[in-house]
Amino acid sequence: MKDKRRIRLVVLVLLGAFLLSSCTKNDDTTIVLIGEELYIDDILTVIPDTLKPVFDGVFGSIPEGPVPPKIEGSYVVDPKQRVSTNVEGWPLTVIEPNVYLKFSEQHNGVVTMDLNEATEQLTDTVFVMGHNEDFTVYFVEDKSYDVPFGEQSFHVRVKRGIIMKGTTSSNGLSNFKIASVIMEAEDNSQGVLGQYSPGSFFVYRDGNGLAENFEW
């Protein structure tokens with residue numbers, strides 16, 4: 001726990017030095033402002049203790065450390081495969097649209113991330129931590145959108161933590177995984193739409209185990 005606090009202090013010092021106070025808005029999607037961000041151990045507290053063994057079992061350990069490897073570069077997650085969730089009714093081993101990632105302007109614990117997939121296009125500064133070649137990227141996304149339903153349209157807001165992890169290599173990011181953890185979810189459908197409770201999670205991996213180098 002003391003080590004985690006030291007890591008958090010190092011990150012906060014870096015953030016203060018950079019004064020990265022801008023937050024890019026992409027439609028109604030934002031990433032929490034730098035300096036107001038939660039840290040990796042905080043997001044896991046939204047998962048009930050009874051479910052943590054399940055999450056840990058499918059996502060594995062989270063690389064931590066104040067000196068992460070350089071992850072700068074462009075990559076593609078192809079195929080993006082859903083491998084686990086604790087939400088009933090969602091099938092597993094599903095292939096979803098590719099995810100295109102670009103990391104740049106990395107300085108120790110912060111890095112600029114561009115992300116592009118079928119339903120997401122965003123650019124902002126996010127956290128990175130790790131040790132040797134192993135890394136973790138972490139950020140909080142707060143997103144609002146409308147869902148058509150017959151002749152109606154319901155407004156939905158979802159706040160979720162995103163965790164990415166892997167190992168840097170000459171060919172890309174090996175053992176690459178992405179976890180999405182619901183922190184808050186609300187809508188005005190009065191139960192018509194499916195509801196996500198805090199702690200709901202989805203875990204994805206690159207289907208061949210490598211998010212390959214790819215210029216996009």
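Reader: Which residues is G207 in contact with, leaving aside its neighbours within four places in sequence?

Author: P79 and Q81. Contact here means heavy atoms within 4.5 Å. Before we go on: this is a predicted model, where local features need pLDDT of at least 70 and side-chain atom pairs count only at pLDDT 80 or more, while totals for chains, interfaces and linings use all residues. Residues are numbered from 1 along each chain as its sequence is written, and side-chain values use heavy atoms, with hydrogens and water left out.

Reader: Where is G207, and how far is it from V83?

Author: G207 is in the loop between β11 and β12 (210-213); helices (H or I, at least four residues) and strands (E, at least two) are DSSP runs, numbered from the N terminus.

Reader: Why is G207 called partly exposed?

Author: Its relative accessibility is 26%.

Reader: Then what makes A118 exposed?

Author: A118 comes out at 57%, so it counts as exposed. It belongs to the loop between β6 and β7, and its C-alpha is 8.0 Å from that of V99, 19 residues away in sequence.

Reader: And why does E96 count as buried?

Author: The relative accessible area of E96 is 17%, so buried is the label. E96 is in strand β4 (residues 94-96) and touches K80, R82 and Y204, not counting residues up to four places away in sequence.

Reader: What joins the side chains of E96 and R82?

Author: A polar contact of 2.6 Å. The term covers a pair of N or O atoms within 3.5 Å; within protein, one must be able to donate a hydrogen and the other to accept it, and residues adjacent in sequence count only if both atoms are side-chain atoms.

Reader: Which side chain makes a polar contact with that of S189?

Author: The side chain of D187, at 2.6 Å. S189 is in the loop between β10 (172-187) and β11 (201-206), and at 4% relative accessibility it is buried. Leaving aside neighbours within four places in sequence, S189 is in contact with F154 and Q195.

Reader: What is the volume of the largest pocket?

Author: About 950 Å³. On a 1 Å grid over the protein atoms alone, a pocket is an open set of points where a 1.4 Å probe fits, with protein on both sides within 12 Å along at least five of seven lines; lining residues have an atom within 4 Å of a point. Grid points are joined across faces, edges and corners, and the volume is the space filled by probe spheres set on the points. Of the 35 lining residues, W90, K143, Y145, R160 and Y196 are the closest to the pocket's centre.

Reader: Which element gives the largest share of that lining, and how many residues of each class are there?

Author: β10, with seven residues. By class, the lining has 22 nonpolar, four polar and nine charged residues; Ala, Val, Leu, Ile, Met, Phe, Trp, Tyr, Cys and Pro count as nonpolar, Asp, Glu, Lys and Arg as charged, and the others, Gly among them, as polar.

Reader: Which residues touch the most other members of the largest nonpolar core?

Author: L101, F103, M113, V137, M164 and F176, out of 24 residues. Such a core is a set of buried Ala, Val, Leu, Ile, Met, Phe, Trp, Tyr and Cys residues joined through side-chain atoms within 4.5 Å. Apart from it lies another core of 15 residues, including F55 and I163.

Conventions
Buried < 20%, exposed > 50% of the residue type's maximum accessible area, 1.4 Å probe, protein only.
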